[in-house]
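Visitor: I'm new to protein models, and I'd like to learn how to read one. Could you take me through it feature by feature?

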Amino acid sequence: MSTIRRQSILSSGIVYLGFALGVLNTYLFTRQGGFTPTEYGLTGIFVSIANVMFSFANLGMQAFIFKFYPYYHDNLPKKNNDMLSWSLLIGTIGFALVTIAGILFKHIVIRKYGEHSPELVNFYYWIFPFGFGLTIYTLLEAYAWQLKKSVFTNYLREFQFRVFTTVLIVLFLVHIFKSFDPFIKLYSFGFVIIAITLLIYLVSNKAVYFTFTVSRITKKFRKKIAMLASFVWSGSLLHNVSAVFAPIVIASVMPKGLADAGIFILAQYMTSIMQAPQRGIIAASLAPLSKAWKDKDYGKISLIYHRSSINQLIFAAGIFILIWMNFTDATVAFHLQENYLAAREVFLFLGLNCVIDMGTGLNAQIIGTSTQWRFDFITGIILLAISIPLTYGLTKAIGITGPAIATLIAFTIYNLIRYVFLLKKFGMQPFDAKTVYTLLIAGSEYLICSLLFASRHGIPWIIVRSVVFIAIYFPSIIYFRLSPDVLPVWQTIKKRLRIK
């Protein structure tokens, strides 16, 4: 667990550094006198649609890497390992099919978005390089995680991509770009740049070699690979479409189109700040999980399941409360456009969903790397069947808060089903008394801060409110020993600061 803990902490640190830059970018996007909500919404829609493109285009290659890498690594010389070569080739073919479909069905996009979101139609073809870059980068990233290069991949995705975005924003704000047109066109190549960077890094460090000679492992497992790829691809496709469906629906049906989507995307971004530890833990845990399933080390899997749950819950609950307490104050104090005040209610439901999702641990990764990966497909169908009609109906009925409520309902059911499955099938479950203590501590300290500072506003009180909460919450976590991974980190900090 020490390796997972170390990589998770380093990755989480880089992710939060990237999020700090992302907060700056979000501020520049949403402040008064900057980009319009429509322009900001368009950048977010690019991300949502690109994720749908990747979900179709990868054809299960990401799951193939996660599940079968230990077999290739343990039985083939590095130069004869054909896993990455076939993964990238099949992913490229998959994206070519997505591109052809996008061209053939453009008339549907025009019909659905032409009235409320004409900007999406105008820049439609620029989504494709963005989606292709995301597809290739994500496959390279999956392979790099197996090589235990998760820290570098998180640096590229969470920091370097945002630096590139920051540069484009500044060029727009100082009027070197005379319009939004060059900004969005250059923005569409962001993932292409980091994909090329990662590929050069892996090749130059002799971490990968390319060969299209079919190896004996590929021949031996070809039927199982095809079966896994098809089922897990279908399941992840359904999951990913459900996860990014909301802003796409908002842009289509809401009167202000992309402007309303921009408000929802701001709340989504605030939620993603809560997920930084989850990204680091997933990246660090996938290789050990794949190896543990191969070795039938169920004790290790159960340990990862439990620790991922409590660690993620501690961070998710704390950060959710910090953002929720300060959302309105920060929007006003930092002079964001008034429209974005509506994002607070959206964040409430998305944030609660994030707390539940992170609190249930790495259930998706445990199932996906096991022999029960067909269950991914089943739960994906259930999730899609609930989320899509519920999202569309609630959007039409109550506006941009509707998709957030739909997300909370659908993903709570989804995680509950996975929890019950792992409990019944393998006797694994991530919760204990410490889960309850964490929620009680977070809730009680939120009430304390609310009572003390509810009538206080402005930047100084944002700082005071946050410092008081942190000064009570995290020492409480350490004092009650709620996470076995927090204590070693605290001991290291005390040693370096020479605190007895």
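Visitor: What should I know before I start?

Guide: This is a predicted model, so local features need pLDDT of at least 70 and side-chain atom pairs count only at pLDDT 80 or more, while totals for chains, interfaces and linings use all residues. Residues are numbered from 1 along each chain as its sequence is written, and side-chain values use heavy atoms, with hydrogens and water left out.

Visitor: How many salt bridges does a search of the whole structure find?

Guide: First the idea: a salt bridge is a side-chain nitrogen of Lys or Arg within 4 Å of a carboxyl oxygen of Asp or Glu. Searching the whole structure turns up seven of them. One is between the side chains of D181 and K185, at 2.9 Å from N to O. Both residues sit in helix α9 (residues 180–187), four residues apart, which is about one turn of the helix. As for the helix labels, helices (H or I, at least four residues) and strands (E, at least two) are DSSP runs, numbered from the N terminus.

Visitor: What about E141 and R157?

Guide: Their side chains form a salt bridge at 3.0 Å, N to O. E141 belongs to helix α7 (residues 127–146) and R157 to helix α8 (residues 150–173), 16 residues apart, and this pair also links distant parts of the chain. E141 counts as buried, at 4% relative accessibility.

Visitor: Now the inside. Which residues touch the most other members of the largest nonpolar core?

Guide: In soluble globular proteins, nonpolar side chains tend to be buried together. Here, a nonpolar core is a set of buried Ala, Val, Leu, Ile, Met, Phe, Trp, Tyr and Cys residues joined through side-chain atoms within 4.5 Å. The largest one has 144 residues, and F183, M274 and F347 touch the most other members. Take F183: setting aside neighbours within four places in sequence, its contacts (heavy atoms within 4.5 Å) include F29, F35, T43 and T165.

Visitor: Where is T30, and what does T30 touch?

Guide: T30 is in helix α1 (residues 2–30). T30 is buried, with a relative accessible area of 0%. Not counting residues up to four places away in sequence, T30 touches Y40, L336, Q337 and Y340. N25 lies in helix α1 as well and is buried at 5%. Beyond its neighbours within four places in sequence, N25 is in contact with R162, T165, T166 and I169.

Visitor: How many disulfides does the structure hold?

Guide: A disulfide is a covalent bond between the sulfur atoms of two cysteines. The test is a pair of cysteine sulfur atoms within 2.5 Å, and the structure holds zero. Cysteines C354 and C449 are buried, C354 at 2% and C449 at 0%.

Visitor: Which helix gives the most to the nonpolar patch?

Guide: Helix α4 (residues 83–104) does, with five residues. Patches are made of residues with over 30% relative accessible area and no salt bridge; like charges are joined within 9 Å, and nonpolar side chains (Val, Leu, Ile, Met, Phe, Trp, Tyr) within 5 Å. This patch covers about 750 Å², and its members include L89, I93, F105 and F212. Areas like these come from the Shrake-Rupley method with a 1.4 Å probe; for residues, only the protein chains shown count as cover. F105 is partly exposed at 46%.

Visitor: Last one: where does R481 lie?

Guide: R481 lies in the loop between α20 (459–479) and α21 (486–497). R481 has a positive phi of about 50° although it is not a glycine, and R481 is exposed at 54%.

Notes: Buried means under 20% relative accessible area, exposed over 50%, partly exposed in between (1.4 Å probe, protein chains only).
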